[in-house]
Amino acid sequence: MGFTPAEGLIMGTRCGDIDAGVLAYCAEHCQVRKAVQVPEKQAHLEALVLRRRQLVATRATEQMRLAQAQVKEAKKDVQQSVTFLNKHIDKIEKQIAKLIDSDDHWGELSAIIDSVPGIGPTTAAVIVAELPELGSLNRREASALVGVAPYHHDSGTRKGKRSIYGGRLPLRCSLYMATLTAITKNDVIKVFYQRLSAAGKPFKVAMVACMRKLLSILNQMVKNRHHWNQHLLKTA
C-alpha cells in the first residue's frame, strides 16, 4: 500500500519513523538545486591551479624521500625526479600567469590581491581561480565560503567550543600559508596577531582570526577596486 509524501510524513511520525516521514515530505516539497555551470575559461584556470597543487604535493613527497635515501643510486634517481617536478611546476605556473594575463578582469583582480604584503602571485592565482565570488560577498559570507567562519557547538545549557569546518579546503590551506607570511610581513595582520597573542589566544585561534581578517581585507579591496593601502583598511 502506497502513501503520498504528505501521508508518509503523517504515518512516519505516528509510527515513530521520523526519518522516513521527513524524507517523504522533502521529496514533495524540496527542489534539487541544479549544478552551476562553470564557464570554460574559469574551469581551465581551476584545472591548472589544481594540477600545480598536485605536482607540489608530489614534489614534497619526493623531497622527503631524498632526505631519507641512503643508497647513492637511489638518491640520484630521486633528485632527478625532484628536478623534473621543479621544471614542470614552473611550466604550469607560466601557463597560469599567461591565462590570467589574457583576461583583463582576472589581471586586475590578481594585481589587487598580489599587492597585499604576504600574498604572492601563486596565492593570488589560487584566489582568482577558486574564489571568483570575492568582492561580491559580505565578510561573513566570504568566511563561510572559505571555511574560516566559527560555528558554535551548543546543546541545551551546554556551551561547546566554537570551531571552523566546511568551506573550500584547498583555498583555506592557501590562505593559511599566506597568513603565516602576513603575520611577519604585513603590518596590519602582524599587529592584529600580536594583540590576540598578548591576550592569551592559542596559536590556532589567533591564526584563524588572522585568516578571517586577511580575507575580509581582500574582499573589501576587490569590492572597491583598491590596491593595498593599510590606511584605507581600518574598517576591514
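In what order do the elements of the protein chain run from the N terminus on? They run α-α-α-α-α-α-α-α-α-α.

**Before selecting anything**

This is a predicted model, in which local features need pLDDT of at least 70 and side-chain atom pairs count only at pLDDT 80 or more, while totals for chains, interfaces and linings use all residues. Residues are numbered from 1 along each chain as its sequence is written, and side-chain values use heavy atoms, with hydrogens and water left out.

**Whole chain**

Colour by secondary structure: the protein chain has 10 helices and 0 strands. Helices (H or I, at least four residues) and strands (E, at least two) are DSSP runs, numbered from the N terminus. Of the 236 residues, 35% count as buried; buried means under 20% relative accessible area, exposed over 50%, and partly exposed in between, with a 1.4 Å probe and protein chains only. Contact means heavy atoms within 4.5 Å. Among contacts between residues at least 6 apart in sequence, 58% join residues at least 24 apart.

Select Gln42, which lies in helix H3. Gln42 counts as buried because its relative accessibility is 10%. Its side chain makes two polar approaches to backbone: a polar atom lies 2.7 Å from the backbone oxygen of Ala129, and the side chain reaches the backbone oxygen of Val128 at 3.5 Å. Leaving aside neighbours within four places in sequence, Gln42 is in contact with Trp106, Val128, Ala129 and Pro132.

Next select Glu62, also in helix H3 (residues 40-68). Is Glu62 buried or exposed? Glu62 counts as buried, since its relative accessibility is 11%. The side chains of Glu62 and Arg65 are joined by a polar contact of 2.5 Å. A polar contact is a pair of N or O atoms within 3.5 Å; within protein, one must be able to donate a hydrogen and the other to accept it, and residues adjacent in sequence count only if both atoms are side-chain atoms. Not counting residues up to four places away in sequence, Glu62 touches Val78, Ser81, Val82 and Leu85.

**The largest nonpolar core**

Now select Leu45, Ile96, Ile113, Leu134, Leu214, Leu215 and Leu218, the residues with the most contacts inside the largest nonpolar core, which has 51 residues. Such a core is a set of buried Ala, Val, Leu, Ile, Met, Phe, Trp, Tyr and Cys residues joined through side-chain atoms within 4.5 Å. Elements giving two or more residues to this core include H3, helix H4 (72-101), helix H5 (104-114) and helix H10 (203-224). H10 gives the most, with 12 residues.

Centre on Ile113. Beyond its neighbours within four places in sequence, Ile113 is in contact with Ile119, Ala124, Ile127, Val128, Leu134, Leu218 and Val222.

**H8 against H10**

Which residues of H8 meet H10? Arg172, Leu175, Tyr176, Ala178, Thr179, Leu180 and Ile183 in H8 meet Phe203, Met207, Cys210, Met211, Leu214 and Leu215 in H10.

Finish on Val208, found in helix H10 and buried, with a relative accessible area of 17%. Val208 and Tyr176 are 32 residues apart in sequence, and their C-alpha atoms are 8.0 Å apart in space.
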